[in-house]
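This briefing goes through a single protein chain, moving from its overall architecture to its surface. Please keep the sequence and the structure in view while reading.

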Amino acid sequence: MAKFFITLGIIAYIAFMLWLIWVIYSRMTARKIMREGRNKKNFAFNYMSTRFSRLNTLRNVKLLIRDPKVQGGRYIADIGLVFVNKGGIILIDTVPGSGFIDITEGGQWNRVINDKYYTFDDPYFKSKRNVHALKTFLRSEGVENIPVHDIVLFSGKRVKFSKKIDGLVTAEELAPYVSDINKDKFLTSGEIRRVVKMLKKMSA
């Protein structure tokens, strides 16, 4: 019996050390991506899949939404990047570029850098539309009571906002914001796997 517990202890120790090595490696890799990969198209996917979990991070998610309120009763929603974890489902929409972000809720925003102005549509319009589409999809699949969060991520190295809005984050704020969401444990590990599997299966 003593040999059994010694063997079990050795196995547990090895498993812990492997987990610790993985955590250290993933954090180092995530920091490297943060330093060097912000200008890449897949920055948010690369960072989230390394910093948190590649198994729970899905990119280019497109879902068939059945909605009797729209013409034809259905449409394809380009949801984009999705992260599923204990806090629920998180949609992340990335806006590239550095500068001062002048925010006009419901209207056009301006990005100012080196005395140049770049105008773009309110990214929350697309983000909230995707949240609504995903909630509609979940209801049609009989999945209820899963929180759906949206994040608008500005990936530039020097970003400042004219005001703060919930879900509006810089790259440095992304991991703490996601970790804060995950403090509310709505989904178990098994439920997370089932939601991820469903989204992969149903993605167009």
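The points below are grouped by topic, and they describe a predicted model. The protein chain has 204 residues, of which 44% count as buried, and its secondary structure consists of five helices and nine strands.

**Architecture**
- Read from the N terminus on, the elements of the protein chain follow the order α-α-β-β-β-β-β-β-α-β-β-β-α-α.
- The C-alpha trace of the protein chain, taken along its principal axes, spans about 70 × 45 × 25 Å.
- Among the contacts in the protein chain with a separation of 6 or more, 59% are accounted for by residues 24 or more positions apart.

**Surface and charge**
- The protein chain exposes about 12,600 Å², and carbon and sulfur atoms supply 56% of this area.

**A nonpolar patch and one of its residues**
- Ile6, Ile10 and Ile14 together make a nonpolar surface patch of about 290 Å².
- Isoleucine 6, one of the residues that make this patch, is found in helix α1, which covers residues 2-36.
- Isoleucine 6 counts as exposed because its relative accessibility is 54%, and the cut-off for that class is over 50%.

How values were computed:
Residues are numbered from 1 along each chain as its sequence is written. This is a predicted model: local features need pLDDT of at least 70, side-chain atom pairs count only at pLDDT 80 or more; totals for chains, interfaces and linings use all residues. Side-chain values use heavy atoms; hydrogens and water are left out. Helices (H or I, at least four residues) and strands (E, at least two) are DSSP runs, numbered from the N terminus. Buried means under 20% relative accessible area, exposed over 50%, partly exposed in between (1.4 Å probe, protein chains only). Contact means heavy atoms within 4.5 Å. Accessible areas come from the Shrake-Rupley method with a 1.4 Å probe; for residues, only the protein chains shown count as cover. Patches are made of residues with over 30% relative accessible area and no salt bridge: like charges are joined within 9 Å, nonpolar side chains (Val, Leu, Ile, Met, Phe, Trp, Tyr) within 5 Å. A salt bridge is a side-chain nitrogen of Lys or Arg within 4 Å of a carboxyl oxygen of Asp or Glu.
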